[in-house]
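I opened my notebook and loaded the structure.

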Amino acid sequence: MRTPQADVATPPADPEGPTEQHPAPGGNSARSRSQHQRRKRIVQAAAALASRGGVEAMQMRTVAERAGVALGTLYRYFPSKMDLVVAVVGEEIDLLESSIQRRPPSSPTPSGRAVDVLMRATRGLMREPELADALIRSLILAEVETPFGDRMTGLLLRVSAGGLDPARASEEQLALAGSLSSIWVQELLEMLRGRRTYDQIQRRIEIASDRLLSDL
């Protein structure tokens, strides 16, 4: 697979981008909403393309056309395909966090709550298996830092340890939650390759979570 870095290019000038100068007085709020909506359209377009043809289908020009924006605008928001991949992953994590806020895990144990989070994430990603495969593989191959691991680790800590702020977590707590997150990613890849069933993943995550988070 060609790495996402291959689509990096010098963005052409475009007045629609988020860095446009000299906004009209009183127009900051409207411009901000417009930029947010434009960015969301771009991310949704990229996700839709990836869900049907993987990251290879996320050609920058094709994403721009599908989102209804100029190519220069796309590059101002996302200078490379990898930036787009990270944004799509971020959107998936946002959905997971919203789900957890609406319906927090009910397990009385830290490990049980962590399993709930990871299996919810699994179900969400597997609704679009081609998208999940494209995103996970791209993040593993990425040569740039991505927020995926840190966000999942932080989410596991907050849910498992009673709202623990990751910034206040000990080195050991961060390592344990991060290890569980890494195990989940590898198990998810095995599922995408057809080597694991959902039930097998859940059992393996339960075992890992019991061992890693029993004293959290």
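Here are my entries, in the order I made them.

**Overall.** I noted that this is a predicted model. I counted nine helices and zero strands. Buried residues make up 44% of the 216 residues in the chain.

**Helix α8.** I checked its length. At 1.5 Å a residue, the 22 residues of helix α8 (residues 171-192) should span 32 Å, and the end C-alpha atoms are 32 Å apart, so the two agree. After α8 I found Gly194, with a positive phi near 85°.

**Salt bridges.** How many salt bridges are there? I got ten. I looked up three of them.

Lys40 pairs with Glu91, with the closest N and O atoms 3.1 Å apart. Lys40 sits in helix α1 (residues 28-53) and Glu91 in helix α4, 51 residues apart. Lys40 is partly exposed at 37% relative accessible area, and Glu91 is partly exposed at 23%.

Next I took Arg151 and Glu97, whose closest N and O atoms are 3.0 Å apart. Arg151 lies in helix α7 (residues 148-160) and Glu97 in helix α4, so this pair ties together parts 54 residues apart in sequence.

Then came Arg120 and Asp116, at 2.7 Å between the closest N and O atoms. Both lie in helix α5 (residues 110-126), four residues apart, about one turn of the helix. Is Arg120 buried or exposed? Its relative accessibility is 8%, so Arg120 counts as buried. Asp116, at 24%, counts as partly exposed.

**Surface patch.** Arg102, Arg103, Arg123 and Arg127 form a positive patch. Arg102 belongs to helix α4 (residues 81-102) and is exposed, at 65% relative accessible area.

Definitions and conventions: Residues are numbered from 1 along each chain as its sequence is written. This is a predicted model: local features need pLDDT of at least 70, side-chain atom pairs count only at pLDDT 80 or more; totals for chains, interfaces and linings use all residues. Side-chain values use heavy atoms; hydrogens and water are left out. Helices (H or I, at least four residues) and strands (E, at least two) are DSSP runs, numbered from the N terminus. The expected span of a helix is 1.5 Å times one less than its number of residues. Patches are made of residues with over 30% relative accessible area and no salt bridge: like charges are joined within 9 Å, nonpolar side chains (Val, Leu, Ile, Met, Phe, Trp, Tyr) within 5 Å. Accessible areas come from the Shrake-Rupley method with a 1.4 Å probe; for residues, only the protein chains shown count as cover. A salt bridge is a side-chain nitrogen of Lys or Arg within 4 Å of a carboxyl oxygen of Asp or Glu. Lys and Arg count as positive and Asp and Glu as negative; His and the chain ends are not counted. The place of a charge is taken as NZ of Lys, CZ of Arg, CG of Asp or CD of Glu. Buried means under 20% relative accessible area, exposed over 50%, partly exposed in between (1.4 Å probe, protein chains only).
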